[in-house]
Amino acid sequence: MDISILDNSSVKIRFKQTTFVVDPSADIAKISSDAIILLDRGNNLSLEAVERRIIINGPGEYELNGVKVLGVKVDKGFVYGISDDGFGTILGKTSEISKIKEEFNTECQIALLNVDDNLNQSIVTRFEPKIVVLYGANKENGAKVLGKVNVSPIKKFTVTKDKLPQETEVVALG
């Protein structure tokens with residue numbers, strides 16, 4: 001799995017056979033993906049910037065090339081559980097994930113969080129991911145909350161299921 005930053009609030013997630021772009025903005029260069037995932041219905045999104053087959057923008061169960069996506073409505077936006085061959089990722093804005101009231105039954109090795117608000121450490125405790133990938137306006141503050149003071153943002157992060165760390169690792173994209 002590869003996770004790349006496109007701009008401050010947009011990322012690209014690439015699995016073996018499927019690519020997603022999350023919240024594309026007008027600032028990104030035109031790219032191609034299998035699907036767009038929208039975390040909310042914000043006005044600053046640019047669907048024209050991405051060539052895609054489908055748009056995932058709400059609650060429900062989706063499947064694309066064997067990758068399963070579970071969307072849950074939370075307050076003003078959506079939180080998604082993404083799984084590919086037992087490799088689970090939770091995706092959402094920190095302001096929304098902290099409000100999940102129902103049981104979110106997605107196995108979670110990776111928490112991919114747009115830190116749009118203060119990060120509550122209980123998010124990480126609740127889902128127990130092996131890797132926390134932070135992006136967004138407050139990613140540095142989010143890293144500090146998780147005890148990582150000098151996290152240098154990187155453009156791309158790659159992980160495979162057999163290379164998951166034993167202890168929780170924090171990564172910032174930027």
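**A look through the predicted chain**

At 33% relative accessibility, Ile154 counts as partly exposed, a label used for anything between buried (under 20% relative accessible area) and exposed (over 50%), with a 1.4 Å probe and protein chains only. The model is predicted, so to speak of local features a pLDDT of at least 70 is needed, side-chain atom pairs count only at pLDDT 80 or more, and totals for chains, interfaces and linings use all residues. Residues are numbered from 1 along each chain as its sequence is written, and side-chain values use heavy atoms, with hydrogens and water left out.

Back to Ile154, then. Ile154 sits in the loop between α3 (139–145) and β14 (156–158); helices (H or I, at least four residues) and strands (E, at least two) are DSSP runs, numbered from the N terminus. Leaving out residues up to four places away in sequence, Ile154 touches Ile5, Val171, Ala172, Leu173 and Gly174, where contact means heavy atoms within 4.5 Å. Lys68 is another matter: Ile154 and Lys68 are 86 residues apart in sequence, and their C-alpha atoms are 27 Å apart in space.

Zooming out, the chain has three helices and 15 strands. Its radius of gyration is 15 Å, close to the 16 Å that the globule rule gives for 174 residues, so the chain is as compact as a globular protein of that length. For the record, that radius is taken over C-alpha atoms, and the globule rule is 2.2 Å times the number of residues to the power 0.38. Along its principal axes, the C-alpha trace spans about 40 × 35 × 30 Å. Of the 174 residues, 52% count as buried. Among contacts between residues at least 6 apart in sequence, 37% join residues at least 24 apart.

Next comes the inside. In soluble globular proteins, nonpolar side chains tend to be buried together. A nonpolar core here is a set of buried Ala, Val, Leu, Ile, Met, Phe, Trp, Tyr and Cys residues joined through side-chain atoms within 4.5 Å. The largest one in this chain has 30 residues, and those with the most contacts inside it are Ile13, Phe20, Leu91, Val133 and Tyr135. Apart from that core lies another, of 19 residues, including Val72, Ile97, Ile123 and Ala143. As for Leu91, its contacts beyond four places in sequence are Ile13, Val22, Ile37, Leu39, Val79, Tyr80, Ile82, Ile97, Leu112 and Tyr135.

The largest pocket holds about 230 Å³. On a 1 Å grid over the protein atoms alone, a pocket is an open set of points where a 1.4 Å probe fits, with protein on both sides within 12 Å along at least five of seven lines, and lining residues have an atom within 4 Å of a point. Grid points are joined across faces, edges and corners, and the volume is the space filled by probe spheres set on them. Lining this pocket are Met1, Asp2, Arg14, Phe15, Lys16, Asp84, Asp85, Phe87, Val159, Thr160, Lys161 and Asp162. Sorted by class, that makes four nonpolar, one polar and seven charged residues. Here Ala, Val, Leu, Ile, Met, Phe, Trp, Tyr, Cys and Pro count as nonpolar, Asp, Glu, Lys and Arg as charged, and the others, Gly among them, as polar.

Now for the backbone. Most residues other than glycine have a negative phi. Asp23, however, has a positive phi, near 45 degrees. Asp23 lies in the loop between β3 (19–22) and β4 (31–32) and, at 4% relative accessibility, counts as buried. Ser25 is in the loop between β3 and β4 as well, and Ser25 is buried, with a relative accessible area of 6%. Ser25 and Ser9 are 16 residues apart in sequence and 7.7 Å apart in space, C-alpha to C-alpha. Asn65 also has a positive phi, near 55 degrees. Its place is in the loop between β8 (60–64) and β9 (67–74), and Asn65 is partly exposed, at 34%.

Lys73 belongs to strand β9 and is partly exposed, with a relative accessible area of 44%. Beyond its neighbours within four places in sequence, Lys73 is in contact with Pro59 and Phe78. Asn138 is in the loop between β13 (131–135) and α3 and, at 25% relative accessibility, is partly exposed. Setting aside neighbours within four places in sequence, Asn138 contacts Val115, Asp116 and Asp117. Asn138 and Asp116 are 22 residues apart in sequence, with 6.0 Å from C-alpha to C-alpha.
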